Amino acid sequence: MSSSPLSKKRRLSGTETKTGSHCSSSNSVRTDLSHTPANGMAKNGNDAEIDEGLYSRQLYVLGHEAMKRMQNSYVLISGMRGLGVEIAKNVILGGVKGVTVHDQGVAEWRDLSSQFYLREEDLGKNRAEVSQHRLAELNNYVPVTAYTEALTEDYLTKFQVVVLTNSTLEEQQQLGDFCHNKGISLIVADTRGLFGQLFCDFGDEMLVFDTNGEQPLSAMISMITKDNQGVVTCLDEARHGFESGDYVTFTEVQGMTELNGCQPVEIKVLGPYTFSICETTGFTDYIRGGIVSQVKMPKKISFKSISLSIGEPKILLAEFCQIEHAGQTDVGLPAIQCFQEETHRLPAPWNQADGDELLTLAKEVNSAQAGSAKVEQLDEALIKKLSFVAAGDLAPVNAFIGGLAAQEVMKACTGKFMPIMQWLYFDALECLAEEEGVELTEEECAPRNCRYDGQVAVFGTKLQEMLAKQRYFLVGAGAIGCELLKNFAMIGLASGDGEVIVTDMDTIEKSNLNRQFLFRPSDVTKMKSDTAAAAVKQMNPSIRITGHQNRVGPDTERVYDDDFFESLDGVTNALDNVDARMYMDRRCVYYRKPLLESGTLGTKGNVQVVIPFLTESYSSSQDPPEKSIPICTLKNFPNAIEHTLQWARDEFEGLFKQPPENAQQFLSDPKFMERTLKLPGAQPVEVLEAVYKSLVTDCPHSWADCVAWARNHWQCQYSNNIRQLLHNFPPDQLTSSGAPFWSGPKRCPHPLEFSTSNELHMDYVVAGANLFAQSYGMPGSTDRAGVIKILQDVKVPPFTPRSGVKIHVSDQELQNSNSSVDDCRLEELKVQLPSPETSNFKLNAIDFEKDDDTNFHMDFIVASSNLRAENYDIPPTDRHKSKLIAGKIIPAIATTTSAVVGLVCLELIKIVRGHKKLESFKNGFMNLALPFFAFSEPIAAPSHKVDSSWTTLKCALLRSLALNPHVVSHPQLTDLFSRCSQNEQKLEITMLSQGVSMLYSFFMPAAKLKERLDLPMTEIVTKVSKKKLGKHVKALVFELCCNDLSDEDVEVPYVRYTIR
C-alpha cells in the first residue's frame, strides 16, 4: 500500500492561526516535526492537506470543512492522569493543529491504574513530560508539547480550546471566567472513582453548522398546491422523514418553477408524506416532478461561564433512570473539593469518618445553593459512596468521560454537532456490591504501592485477584479491540494465572492508524493481533496475552473447540460484521459463557451484555434488514447516486470478478460444466456465454486490445443501451392511465457521445483497460497520450435499436417473466468452447479493494457511476463519497470507540464480581453528536411456564445425552427413539437434524429409515454430512421435532450427545 498517494489528499486553505511562543518555552518539551517524516505525513495547518488515506473513516463522520477548521486549532489539556491522557489521545488522533499537555505533578502508583503511557520506571517523574513523546507517536501531523509551569492567563491566549482535568474549583472558576471573556472554549472534566462529570463553555455565541451529523434528507414530489401555506405531497414510495422546523429547497420542479433554487424554506410537517411551506398562491401552476432537499441551517447557541453556571446548572443526564443521582452528584463533587481544601487530600477509601465528614460538607454546600442547584433531600448513602470511592482512578470511567470530553473538543474546534449544555454527570454505582449495606473495609482498599492502587481503592483486593485469573477471548483487534486491550491491561485482566486470547486475521493498514491507537506507521502490513498484544505488554508487562490470526467460524472449530470454550471465563466481541457476531453469540449460548458485545457507527455507539440464563442473547433481536434497491431501478431507472454506485459495483463484479472466475473454473475444474448445466432458468446459457466471451471473443492479445475492449464497453453502456431504452420507451411515452411514463422516480435518460478530451470518459477507458489487462495477467499502462493514440484506430460498430427487445419495468414483471433455457444456443456453446486441455493461460478474478488508490478499482467505480449519473441527469459525486457508498465503509471516530469500550469494561467488572441481578447490568446506546445517552436493563432471557411433565421430559432427554460410548457400546438412532417413546408423554420424533444435515424425517423412504435405525449415531452423521468427525469434536448437538399422542407439536430442548 502506498504510504501517501496524492489521490488520497485534498488541498485546503485557511487563515493563519497565531500560536505564540509556547512551543519554544524553556519549560516545554516538544517533538521535532520540522521535516516531513518518511511515511509521508506532515504538519497540520492552513497549507496542509487532509490525508484521506489516514483520516478516511473520520472524514465520513466530520466532513472536510470540519476537518479543516480542526486542523487550525491549538488545544491545551491540563492534567495528565488517566483522564487527561485519554482526552489527549483522542484529540491527537483526531488531527488538531497542535496539543500542549500540562501537569505540574509527578507520577504516583495510583496513576498506573489508568494512565496507560506511564510505566513503573516513570514514578516520581513529571507526568506531562513522560507522556509527551508517547502521545506524539500517535499522529505525526500533530505536534505535542509538554508544559510544566503554572497556567497563567497570558499563556491561555495561545489556544482555541482549554481542557482542565484534576483541577481545583478555584482554578476552574478563575481560568474559566478568563476563557469565557476571551472567547476561548473551556471544557472541565473530572472523575472520582465510579463518578464522572463534564462541563462545557464555548462562549456567548457559538455557531453550530450541523446539529446532528445526519445526511440531509431528500424526497420526490408528486404535488404542490397553491395556497396561503402551500402543501407539498411526496411520492408514497417512502416517508419523507422531515420534521417541523426543518428547512428545505427545491429542484427540478416543472410548472411551479419559482421554487427551483429558492432560499431555504421552513416547513411544517402535516403527515408522513406531506408538509406545508410558504405562500404559493402567486406561483405558476404545478405540473409535475421535483425534488425537495433538506438544508442544514446553522444554529446559534450561548453558554454561561462556569461561575454563573454553578448557581443555575443545565444538566444533561447520562442516564435517565438516575435523574436523582445527577443532582446529588452536583452537590457531592464540590463537597469533595471542599474536603481537599481543608485536608489537602482526598477522602480515604471506604473510611467511615471521612464519609461522615464529606456528608457534613455536602449539607453545607447544598444549604449555600439556591434555585435549581439546591436539592431538597440529600441522599446520604450516595454521598457516602462518593466519599468511599473518590480516591479511586478507574480506566473504564476515564475512557467513557475521556471519549465524551474529546468529542466536545472537536465540537468546539469545528462547530460540528451539538455541544453538551452544559453539565453532564455519570456514575456506575451498580459495579459495587449488589446487596444493600455490604461495604468493603478500609484495610481491603488501602494503597499497596502497586499499579492497581487506583482500582483497589474502589473494589478492594479480592476483585483484583479475580481479574488476574480471568481467561478471556477477544475476537477482533481493530478500533474496539485496541481500546479493549488497553483497558484490560489497566484493570489487570489476566495479569496472574489467566490469559487473554485475541484473534484477528487482518493486517494493519494506514487508514487504521487514525483510530486503532496501538499501531504506528511502521506497523503497516503487520498482523493486528500480534502487534496489539505487544503494545499492551508495554503498558502492563504482567498481562498474559496471546495473539492468533484466525477467523472465527466453522472452519476454525478445530482450534476453538470444546476444550477451548470450556476453559474461558467470557468472550468480548470487537467485530465489524453481523454474521461473525451471531456466530460468536451462538457459541457463547451453547457453552454458557458471558458475552460482551459492542459496536460503533460514527458518533453512535452501543453496548450489550449477554449473561447465560439471565439476559437475552445477541441473536434474540435483530435490526431490520437494509432496504435493497430494486433490480429494475438499478438496470434501467436509477434516480439517485446510490443507484449508479451500486450499478458500478455490480459492473465491476460482472466484468472483472465473476467471468474470470468462471472461465478459470471451466479450465481447471472437470465438474464445472456439470454444475453449470444444473443451474435454474437461463443461468446455464448466461454463465457459458460469459465463459465463451472471456476465452474466445473478448480474449485480448495486447494492451491495444484491452483499450479497444474498454472503449467498446463504454459505447455499449453509455450510448447503445440508453438508445435502446429510449427506443422502447420514448421521452413522450404515456402509461396506460395516460400519465407520462418518464415521471416520478423514472428519470428520462440521454445517450452520451464519447470524446477523448473528456476527462471522465478517459478515466473510464484507462481504468477499465487496466483492470481487463490485469484479469488476463497482462501489463497495463497509465500513459493517456498512448491510450488516445490507440483509440484513434479503434473501430466502434454502429448501433441501431432493435424491435422486440423486452425491458422489464418492475421487479414484479421481471419475476413473472419466463426465463427459459435456449437449448440450441446451449448446445452451440458446448461445442464452441475451447477444450480446457488446449488452453494454456490463467485468468485472474479481481476482488474489489477500495483502499488502494493505485489499483484502478475506485477509478473505475467513480467513472462508471458518474457517467451513468450523467446519462440520467443525476448530480455526480466525488471520489470520497463514492468510496463510502460503494465500499460500504463504516464511518468511525476514536472518541466514540473510547466511550463505548469504557462502558463495556464496567460491565466486565460486574461479571467478574459475580453480579446476578438483571437490574445490575446495563445495555447502553449513545449518540455523541446530539448528544444523547440511554441506558437500560438488558431484556431478560425468555422463560416458559410449564407443568411438571416438562421437567420429566427434559430429564429424560438430557439423560439421552449420557449415551456414552464408554457406557453403551455404539449408541444408535433407535436408542434415542426409545427414550422419547418411553417418556410419559409418549413422544414421537418426526424430524432429527444435526447442523445442516437431516438425519431423519417422517417422510423419509422406508428403506433409508431401516438402514439408519441400526447405525451408530456417529456413523449416521458422518454418512449424511459426508464429513468425518474431527478428533476435536467431543459432542454432537441434535435438534428434534416431536409430536405427542394427540399429534400435537411439542417443543423439546436440543440433545447434546457426548461422544468423547
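1. Let me start with Asp 853, which counts as buried at 10% relative accessibility. Keep in mind that this is a predicted model. Asp 853 makes a salt bridge with Arg 879, and the closest N and O atoms sit 3.5 Å apart. Asp 853 is in the loop between α25 and α26 while Arg 879 belongs to helix α27, so the pair ties together parts that are 26 residues apart in sequence.

2. Another salt bridge to look at joins Glu 566 and Lys 1034, with 3.4 Å between the closest N and O atoms. Here Glu 566 comes from helix α15 and Lys 1034 from the loop between α32 and β31, so the link spans parts 468 residues apart in sequence. Glu 566 is partly exposed at 40% relative accessible area, and Lys 1034 is partly exposed too, at 23%.

3. Lys 125 and Asp 122 also form a salt bridge, their closest N and O atoms being 3.9 Å apart. Lys 125 is partly exposed at 42%, whereas Asp 122 is buried at 4%.

4. The salt bridge count comes to 48. One network links Arg 81, Asp 103, Glu 108, Arg 110, Asp 111 and Arg 127.

5. Now strand β22 (residues 499-503): five of its five residues are buried, so the rest of the structure largely encloses it. Glu 499, Ile 501 and Thr 503 point one way, and Val 500 and Val 502 the other. β22 pairs with β21 (residues 471-475) in the parallel sense over five bridges, and Tyr 472 stands opposite Val 500.

6. On the surface, a patch of negative charge gathers Glu 170, Glu 171, Glu 341, Glu 342, Glu 357 and Glu 364. Helices α6, α8 and α9 each supply at least two of the patch residues.

Terms used
Residues are numbered from 1 along each chain as its sequence is written. This is a predicted model: local features need pLDDT of at least 70, side-chain atom pairs count only at pLDDT 80 or more; totals for chains, interfaces and linings use all residues. Side-chain values use heavy atoms; hydrogens and water are left out. Patches are made of residues with over 30% relative accessible area and no salt bridge: like charges are joined within 9 Å, nonpolar side chains (Val, Leu, Ile, Met, Phe, Trp, Tyr) within 5 Å. Accessible areas come from the Shrake-Rupley method with a 1.4 Å probe; for residues, only the protein chains shown count as cover. A salt bridge is a side-chain nitrogen of Lys or Arg within 4 Å of a carboxyl oxygen of Asp or Glu. Lys and Arg count as positive and Asp and Glu as negative; His and the chain ends are not counted. The place of a charge is taken as NZ of Lys, CZ of Arg, CG of Asp or CD of Glu. Helices (H or I, at least four residues) and strands (E, at least two) are DSSP runs, numbered from the N terminus. Buried means under 20% relative accessible area, exposed over 50%, partly exposed in between (1.4 Å probe, protein chains only). Two strands pair if DSSP finds at least two bridges between them.
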